[in-house]
Amino acid sequence: MNTLRFSSALVFSLGFAALQAAPLPESRKIDELLAQGWEKAGVKPNPPASDEVLVRRLYLDIAGRIPTLEEVQAYVKSSDPGKRAKLIDTLLASDGHTSHMFNYWADILRLSDNVKGRLTAEAYEEWLKKQIKNNTPYDQLVRNLLTTDGGVWDSGSIGFWQRDENKLDHLAYTVQVFLGTSIVCAQCHNHPFDKWTQMDYYHMAAFTSGMDTKSRGFEAKPEKAKQQFDKKLLATMDPKQRREYIKKMQAEQKSAAKTEEAAVSREDMKQVKQAMQDVMKPLRYTSANWEEGKLPTLPHDYQYKDGKPGEKVTAKVMFGHEAELKPGQTTIQAFADWMTDSQNPRFTTVIANRMWKKAFGIGLIEPVDEMTDSTVASNPALMDYLTQLMVEKQYSLKSFLRVLYNTDTYQRAATTQEVPLGETYHFTGPILRRMSAEQIWDSLVTLSKGNVDDAVDEENTRLHQYLDDLAMFLNTIKAKGAAGLVEIAKQNAGKLAENQKKIDEMKAKLDADKAKGIDVTAQSKELARAAQQLRKSTERDFLVALVGEERAAELRQGYNAKQPEKTKRPQIDPKQLASMTKEQRKEFMKNYQKGANNKDVNLATRASEQPSPARPGTFLRTFGQSDRELIQNASDDASVPQALTLLNGPVADILSSPASKLNQDLGKAANTPAKLETLYLALLGRQPNADEAKVLAEVASQRGDKAVEDVTHALITGSQFLFVQ
């Protein structure tokens with residue numbers, strides 16, 4: 001039977017005349033492939049979702065929040081047959097989508113600003129938001145992450161490498177995220193459930209072992225310039241000429257190094273190092289520098305016959321075609337090209353499957369990041385087409401998602417039955433899903449403040465000012481050179497020696513008193529404080545001599561990474577205050593102060609603008625936000641603390657404040673029954689059904705104005721609000 005004829009006949013026979021036809025040919029192709037699966041499995045697709053359900057689903061899936069009351073009404077009232085496609089395009093182009101996808105990728109990439117080098121972590125977060133907003137092709141984004149090099153002032157993407165101090169662990173995470181393959185077991189021994197050996201792991205590690213992310217420090221001897229050879233000239237020489245040329249260049253470099261060492265004594269450099277140890281602290285955890293030719297060695301307890309402990313291992317990929325090292329390329333560049341190649345057997349399939357799960361709630365391949373050679377998708381033909389489609393869309397994730405959201409299948413009612421582990425789901429509609437912690441937060445922000453999506457990508461001016469200062473600082477140090485730094489150290493030598501003498505005298509007195517049996521606890525603390533002040537004084541003098549008074553002050557001020565208590569304070573609208581009664585203003589100011597002082601819940605900005613991740617015990621973490629220690633470590637499980645947070649926490653107070661968007665919408669309703677209908681539209685995106693209307697009428701009759709608060713609590717803690725239907 002012709003696939004298209006079958007699909008059309010099925011829709012007609014089931015009476016789904018209300019279902020909008022998929023406007024894109026690629027979307028129709030996906031529907032056809034799914035219809036073939038339905039026929040083969042003997043299942044029927046879910047009925048179409050209503051406009052009210054669909055508009056709420058689109059906002060939550062694409063923008064990460066529920067729609068405002070006005071957005072719901074505009075969509076439901078529109079008679080435009082192309083309104084769904086237009087809304088999808090609008091949401092994909094919105095800053096709300098940037099915010100939502102940042103939360104998604106932050107979970108996968110384990111972005112955390114609670115690490116050493118928070119400055120770099122925050123720059124990394126901002127960099128990622130810009131890539132999402134600009135719709136940087138996914139393959140290009142991955143290549144940028146893998147091959148990033150330099151300081152954080154060059155690109156925040158170095159945060160990708162700074163995330164893990166152990167580069168062997170980092171390799172395991174990288175392969176799992178981008179190739180959907182778990183190889184972590186092979187780091188210590190041959191994989192017990194897959195074909196990968198420990199030697200395979202170290203062959204792969206050889207591609208990335210040259211990335212150095214150690215703290216920038218001051219070398220105790222003059223920095224040696226990297227050996228530079230004329231590659232074009234080398235290419236014209238025979239082997240003997242090349243050897244002679246390299247030998248000559250190495251001799252010249254050795255001679256130059258001796259001259260520099262003669263000009264700067266070891267004692268001089270020791271003095272510089274002492275003066276610089278505190279000055280260089282701002283440059284810690286701010287760089288990722290590639291060193292070509294650096295290879296990993298097998299561990300001391302390596303026990304297999306294919307290698308010996310301590311043996312160096314060369315680069316070799318685990319599957320697919322070889323990673324070809326092209327002329328002028330580094331090993332990491334060859335690795336990045338191999339990984340993101342459209343011919344790589346896993347790279348494209350993994351991201352296509354991830355995006356499918358993003359839209360429909362479950363992957364064609366599950367788990368999404370534990371693929372093996374024996375893995376088979378639940379619908380192989382569809383998986384093959386999606387992989388091909390990703391290549392055709394040139395790895396534009398927005399273009400790919402646009403196709404998925406425009407399918408007929410996506411606009412069907414959600415499947416409410418849980419798919420048993422190991423069972424095949426035939427995608428008769430999206431899976432019913434609970435909101436993520438970030439979606440719940442952002443939906444509450446929408447109820448409190450309305451649409452604040454246009455505030456999610458504000459550039460952090462202070463961050464970039466400080467990054468510029470660091471770049472200037474490092475360039476100044478390089479420009480001064482060893483001799484210049486020695487000269488500055490000599491100028492400050494007297495004060496440095498004087499400060500050290502004071503510290504030594506205090507320490508000697510403390511030791512003498514201690515020997516006499518005197519309690520020196522207070523003296524020890526005083527000594528520590530004095531030593532710290534003297535070191536700061538020396539650091540300040542050295543910095544001023546290096547970069548001048550003004551720039552030194554900027555560097556010493558440093559950069560304060562965002563803290564939970566630094567979230568934006570909601571602003572008071574004078575016009576709004578003027579429109580209130582005296583009692584309303586009093587209540588407003590009470591709730592305003594309560595919200596401003598609350599460090600846990602301040603519904604002024606979206607989750608993507610909060611600390612990443614939130615502190616344990618705060619709202620986002622209570623509702624399952626990932627701790628960013630493992631890949632996609634978030635939880636969507638319900639808990640008693642969550643219910644208590646919504647019932648007894650500050651959320652209800654903030655939403656009931658006269659300044660909240662929800663309260664303002666309720667104020668426009670003529671009476672209590674109308675207010676309850678407004679609650680349903682604002683929280684659930686729909687009018688109450690007949691049965692609910694009867695219950696609401698009774699509640700309104702019995703509770704009067706208090707019914708609004710009762711129904712708000714009931715809805716906001718209920719499954720219909722907390723789930724993406």
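**Salt bridges and helix packing in the predicted model**

A salt bridge joins the side chains of arginine 606 and aspartate 442, with an N to O distance of 3.0 Å. The two residues belong to distant parts of the chain, 164 residues apart: arginine 606 is located in the loop between α25 (582-597) and α26 (619-622), whereas aspartate 442 is part of helix α19 (residues 437-449). Both arginine 606 and aspartate 442 are buried. The pair also belongs to a network of salt bridges that links Arg65, Glu71, Asp442, Asp453 and Arg606.

These contacts occur in a predicted model of a protein of 725 residues, of which 50% count as buried. The secondary structure consists of 33 helices and five strands. Among contacts between residues at least 6 apart in sequence, 73% connect residues that are at least 24 apart.

In the whole structure, 28 salt bridges were found. One of these is formed by the side chains of arginine 110 and aspartate 164, at 2.6 Å from N to O. Arginine 110 and aspartate 164 are both buried.

A further salt bridge is found within a helix. The side chains of aspartate 665 and lysine 661 meet with an N to O distance of 2.9 Å. Both residues lie in helix α29 (residues 661-667), where a separation of four residues corresponds to about one turn of the helix. Aspartate 665 and lysine 661 are likewise buried.

Helix packing was examined for α6 and helix α16 (residues 347-360). The packing of two helices is described by the angle between their axes and by the distance between those axes. For α6 and α16, the angle is about 125° and the axes are 13 Å apart. Angles of 65 to 115 degrees count as roughly perpendicular and those over 145 as roughly antiparallel; α6 and α16 are therefore oblique to each other. Their crossing is right-handed. On the α6 side, the contact involves His100, Met101, Tyr104, Trp105 and Ile108, which meet Ile351, Arg354, Met355 and Lys358 of α16.

How values were computed: Residues numbered from 1 in each chain as written. Predicted model: local features only at pLDDT ≥ 70, side-chain atom pairs only at ≥ 80, totals over all residues. Heavy atoms only, no water. Salt bridge = Lys/Arg side-chain N within 4 Å of Asp/Glu carboxyl O. Buried < 20%, exposed > 50% of the residue type's maximum accessible area, 1.4 Å probe, protein only. Contact = heavy atoms within 4.5 Å. Axes fitted to C-alpha atoms, helices over the stretch in contact; angles between N-to-C directions. Parallel < 35°, antiparallel > 145°, perpendicular 65-115°, else oblique. Left-handed = near helix turned anticlockwise from the far one by under 90°.
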